[in-house]
Amino acid sequence: MSKIVCFGEILWDVFPEHRKIGGAPLNVASRLSLYGHNVSMVSAIGADVWGEKLLSYLNENHINTDHVQVLYKYKTGKVRVMLNDKGSASYEIKQPRAWDKILLTDEAQNIVENADAFVFGSLVARDETSRGSLYSLVELAKYKIFDLNLRPPHYTKEVLFHLMDKADFIKFNDDELYEVSQLMGSKYKSLEQNLNFIAEKTNTKHICVTKGEHGAVLLYDDKLYYNSGYLVKVVDTVGAGDSFLGSLISQLLNNTEPQKAIDFACAVGALVAQSEGANPKISKGKIEQFMNPK
């Protein structure tokens with residue numbers, strides 16, 4: 001199995017009636033760990049009870065916490081989540097929080113340099129402290145996976161362009177793809193045209209675009225692969241894209257054929273969307289049964 005480092009926000013998603021552990025990099029790390037990969041988290045929490053609970057969760061899910069910093073000046077991350085009648089989420093993200101202040105350490109640099117893959121998103125780059133640490137770590141990574149997670153007003157086009165230029169693999173949802181391609185000057189209308197436009201502009205061979213209930217498209221070494229989605233009753237979409245990405249990364253790092261990889265990832269994303277919370281445990285048998293119903 002692969003050694004993978006996930007960098008960025010670990011936090012609590014606060015719903016109207018409950019709270020769940022979340023943060024896109026943590027959700028990806030959780031899914032990768034379930035598949036047996038050696039996963040480490042580089043992040044920061046506050047010196048509070050909510051930070052302690054996050055650490056316990058990470059340890060219980062076999063995610064290395066040696067590089068999760070405990071900061072006394074900042075609180076553990078919290079995000080207010082609002083769901084519409086279709087289960088789609090919007091977010092209110094408090095700032096600053098501990099994960100905004102991730103410090104660059106020799107130990108983090110060493111683990112990233114020796115990992116097979118380095119996963120990061122755009123939200124963690126909203127603060128100059130974590131952004132500076134990310135920029136340094138990206139330079140050391142062998143295979144850089146950039147998960148755009150556009151949460152207005154927490155990003156700038158300059159930061160997005162810099163991280164896209166550094167990435168070996170970029171993941172968008174379809175809205176993000178159109179927004180970013182327009183920022184880059186694209187005049188194209190179709191998803192495929194804009195996907196290829198960004199691939200050429202950033203010299204990125206591997207790009208994936210999720211399309212909600214309509215599946216996803218994957219550009220992998222100059223070839224496009226499609227999955228048209230799976231029909232499910234959506235409970236909430238929180239974390240579905242993260243579990244999709246973790247599943248896709250796992251399959252590709254295990255040298256699974258790209259079509260099978262995207263089919264598997266779309267199935268996992270759909271199963272998460274029909275469950276409550278970002279990180280439901282889903283067995284391999286349940287995934288296979290879902291993909292191949294009798």
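1. A residue counts as exposed when its relative accessible area is over 50%, and as buried when that area is under 20%. The model discussed here is predicted. N255 has a relative accessible area of 70%, so N255 is exposed. N255 sits in the loop between α8 (240-253) and α9. Its phi is near 65°, a positive value in a residue other than glycine.

2. H62 is a further case of positive phi in a residue other than glycine, with a value near 60°. The loop that holds H62 runs between α2 (49-60) and β5. With 65% relative accessibility, H62 is also exposed, because the cut-off is over 50%.

3. Two cis peptide bonds deserve a check by eye. One joins Q95 and P96, with omega at about -5°; P96 belongs to the loop between β7 (89-93) and α3. Another joins P152 and P153, where omega is about 5°. P153 is part of the loop between β9 (144-147) and α5 (157-166).

4. S130 is a residue of helix α4 (residues 128-138). Its relative accessible area is 0%, so S130 is buried. A polar atom of the S130 side chain lies 2.7 Å from the backbone oxygen of W99. Beyond its neighbours within four places in sequence, S130 contacts F7, W99, D100, K101, I102 and V124.

5. N27, in helix α1 (residues 24-34), is buried as well, at 2% relative accessibility. The side chain of N27 makes a polar contact of 2.8 Å with the side chain of D242.

6. Which residues of helix α3 (residues 106-113) are buried? They are A108, I111 and V112. Viewed down the axis of α3, these buried residues fall within an arc of 100°, so they line one face of the helix. An α-helix has 3.6 residues a turn, so residues three or four places apart point the same way. The cover over the buried residues of α3 includes β1 (3-7), β4 (38-46), β5 (63-71), β8 (117-121) and α4.

7. How do helices α9 and α10 lie relative to each other, roughly parallel or roughly perpendicular? The axes of α9 (residues 258-273) and α10 (residues 284-291) come within 10 Å and cross at roughly 105°. Angles of 65 to 115 degrees count as roughly perpendicular, and α9 and α10 are therefore roughly perpendicular to each other. On the α9 side the contact involves D263, F264, A267, V268, A270 and L271, which meet K286, I287, F290 and M291 of α10. The residues of this contact divide into 8 nonpolar, no polar and 2 charged.

Notes:
Residues are numbered from 1 along each chain as its sequence is written. This is a predicted model: local features need pLDDT of at least 70, side-chain atom pairs count only at pLDDT 80 or more; totals for chains, interfaces and linings use all residues. Side-chain values use heavy atoms; hydrogens and water are left out. Helices (H or I, at least four residues) and strands (E, at least two) are DSSP runs, numbered from the N terminus. Buried means under 20% relative accessible area, exposed over 50%, partly exposed in between (1.4 Å probe, protein chains only). A polar contact is a pair of N or O atoms within 3.5 Å; within protein, one must be able to donate a hydrogen and the other to accept it, and residues adjacent in sequence count only if both atoms are side-chain atoms. Contact means heavy atoms within 4.5 Å. The arc is that of the directions from the helix axis to the C-beta atoms. Axes are lines fitted to C-alpha atoms, for helices over the stretch in contact, and angles run from 0 to 180 degrees between N-to-C directions. Angles under 35 degrees count as roughly parallel, over 145 as roughly antiparallel, 65 to 115 as roughly perpendicular and the rest as oblique. Ala, Val, Leu, Ile, Met, Phe, Trp, Tyr, Cys and Pro count as nonpolar, Asp, Glu, Lys and Arg as charged, and the others, Gly among them, as polar.
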